[in-house]
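Subject: Structure handover

Hello,

Please find the structure below. My notes on what was found in it follow.

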Amino acid sequence: MIKINEHYLKLQASYLFSNIAKKVGEFQTANPDKEIIRLGIGDVTRALPKACTEAFHKAIDEMATDASFRGYGPEQGYDFLREAIAKNDFQARGADISADEIFVSDGAKCDTGNIQELFTRDAKIAIPDPVYPVYLETNVMAGRTGEYEDGRYKGIIYLDSTKENNYVPSLPTEKPDLIYLCFPNNPTGSTITKAELKTWVNYAKDNQALILFDAAYEAFIRDKSLPKSIYEIDGAKEVAIEFRSFSKNAGFTGTRCAYTVVPKECAAFDSKGNRQPIHPLWNRRHCTKFNGVSYPVQRAAEAVYSDAGKDQTSELVAGYLKNADLIANEIKNLSFDFVGGDNSPYIWIQGNRDSWEFFDMLLDQTGVVCTPGAGFGKCGEGYIRLSAFNSYENVEKAMARIKKTLA
Ligand SMILES: *Cc1c(COP(=O)(O)O)cnc(C)c1O
């Protein structure tokens with residue numbers, strides 16, 4: 001008899017985005033003349049940089065003649081891209097990462113979801129709350145948790161991110177083996193300082209743990225004192241894997257390209273307590289289960305690092321940050337407590353009422369769509385997330401309506 005993986009049955013149906021869509025649909029039906037402005041989205045809205053589309057076109061033309069056609073590429077990614085990444089994203093910031101430590105993939109979602117395969121079923125997992133759901137749900141699927149009770153899966157060490165700790169979790173009292181961190185954070189928009197990140201790196205080292213660091217939003221960091229990579233912290237190469245993506249800095253959400261950094265020094269332990277490097281394991285997994293990102297997409301990603309590409313991506317990010325500034329300023333004027341928006345496209349607002357109640361009120365009275373914080377975890381209750389991914393005109397309009405209604 002074929003049996004299913006019953007851990008899947010523990011997963012809570014996520015009503016977050018379907019509920020939002022349903023409520024927005026109902027509002028639109030009831031108010032056909034009212035223009036809805038979506039500030040709930042976690043997806044970019046502006047076109048790919050010109051440098052990227054030009055490289056994309058050129059690479060497609062190469063595929064059109066036998067002489068320059070390319071079939072299967074290296075699973076880990078083409079050297080031209082891995083070298084551009086290592087040089088620009090790490091070596092230029094004093095982080096000693098080499099091209100062969102970069103694994104190019106079709107998404108940080110897949111990589112952050114797949115990485116847990118390398119570790120034992122009984123590994124103790126620490127996960128932030130609120131959180132990007134992928135970290136949690138892939139561990140539920142793998143059977144590393146118990147049942148869901150009172151908004152939480154049993155067996156997970158939750159790292160609360162609250163106003164009290166300025167949305168940077170404190171070190172846990174129970175000892176984890178695997179620690180997920182994400183900065184700048186989705187959904188809160190909070191950032192971590194080098195000193196705070198160093199305490200996590202030291203903690204991992206002292207406890208033979210491993211940090212999975214999701215830096216999908218590093219391009220939004222304006223404050224030069226903040227770390228863009230965990231490898232800017234001494235000793236991190238031994239205890240951390242970093243995830244990056246072209247989705248948010250260069251608009252690749254629909255184009256798909258990302259990468260994971262697994263330093264050669266990074267290790268976990270076998271049952272005898274011996275250090276085992278993770279690099280060969282991830283390499284083996286990647287080569288066995290993945291066949292590489294398409295050549296034109298890798299050429300488009302490479303163009304992010306050209307002079308024109310650098311200018312165009314920083315202009316894109318600056319545009320979203322201008323939106324974030326406007327949102328943060330208006331929210332501040334309305335005297336709400338909030339975090340984010342300065343080095344992140346997200347603004348996390350303490351609404352002083354139930355998350356969904358705030359969502360409904362905002363939609364009904366202003367036509368603005370936010371994301372209820374409760375959808376990201378227990379600690380998100382009472383919060384909403386506003387996103388800077390929209391046009392400046394729409395953000396201006398949305399904030400003017402919110403100001404008029406809530407002031
Ligand atoms: C958007 C996002 C990613 C990137 O995912 P892709 O699969 O590369 O598009 C990764 N982590 C977080 C927290 C994100 O919000």
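**An exposed residue after a helix**

Ser335 counts as exposed, at 64% relative accessibility (buried means under 20% relative accessible area, exposed over 50%, partly exposed in between, with a 1.4 Å probe and protein chains only). Ser335 sits in the loop between H11 and strand E13 (337–340), just after H11. Its phi is positive, near 65°, in a residue other than glycine. Helices (H or I, at least four residues) and strands (E, at least two) are DSSP runs, numbered from the N terminus.

Before the rest, a word on the model. This is a predicted model, in which local features need pLDDT of at least 70, side-chain atom pairs count only at pLDDT 80 or more, and totals for chains, interfaces and linings use all residues. Residues are numbered from 1 along each chain as its sequence is written, and side-chain values use heavy atoms, with hydrogens and water left out.

Helix H11 itself covers residues 307–333, which is 27 residues. From its first C-alpha to its last it reaches 39 Å, close to the expected 39 Å at 1.5 Å a residue (the expected span is 1.5 Å times one less than the number of residues).

Arg256 also has a positive phi, about 75°, although it is not a glycine. Arg256 is in the loop between helix H8 (247–250) and E10, and is partly exposed with a relative accessible area of 30%.

**The sheet**

An open sheet is formed by seven strands in the order E2-E10-E9-E8-E7-E3-E6, with mixed pairing (two strands pair if DSSP finds at least two bridges between them). Strand E2 (102–105) and strand E6 (157–160) are at the edges with a single partner strand each, so one side of each has no neighbour in the sheet. From one strand to the next, the twist averages 20° (axes are lines fitted to C-alpha atoms, for helices over the stretch in contact, and angles run from 0 to 180 degrees between N-to-C directions).

Strands E7 (residues 178–182) and E8 (residues 210–214) pair in the parallel sense over five bridges. Cys182 stands opposite Asp214 in E8. Helix H3 (residues 79–90) lies across E2, strand E9 (240–245) and strand E10 (258–261), at about 115° to E2.

The bond joining Asp129 and Pro130 is cis, with omega about 0°; Pro130 is in the loop between E3 and H5. The bond from Phe183 to Pro184 is cis as well, with omega near -10°, and Pro184 is in the loop between E7 and helix H6 (194–206).

Gln116, in the loop between helix H4 (108–114) and strand E3 (125–129), is buried at 8% relative accessibility. Its side chain reaches the backbone oxygen of Gly113 at 3.1 Å. Not counting residues up to four places away in sequence, Gln116 touches Thr138, Asn139, Ala142, Arg144 and Tyr180 (contact means heavy atoms within 4.5 Å).

Thr145 lies in the loop between helix H5 (133–141) and strand E4 (148–149), and is buried with a relative accessible area of 8%. Leaving aside neighbours within four places in sequence, its contacts include Lys10, Asn139 and Tyr153.

**A helix pair**

Helix H12 (residues 355–366) packs against helix H13 (residues 392–406) at about 105°, with the axes 10 Å apart. That makes H12 roughly perpendicular to H13 (angles under 35 degrees count as roughly parallel, over 145 as roughly antiparallel, 65 to 115 as roughly perpendicular and the rest as oblique). Residues that meet there include Phe358 and Met361 in H12, and Arg401 and Ile402 in H13.

Regards

Terms used. Polar contact = N/O pair within 3.5 Å; in protein donor to acceptor, adjacent residues only side chain to side chain.
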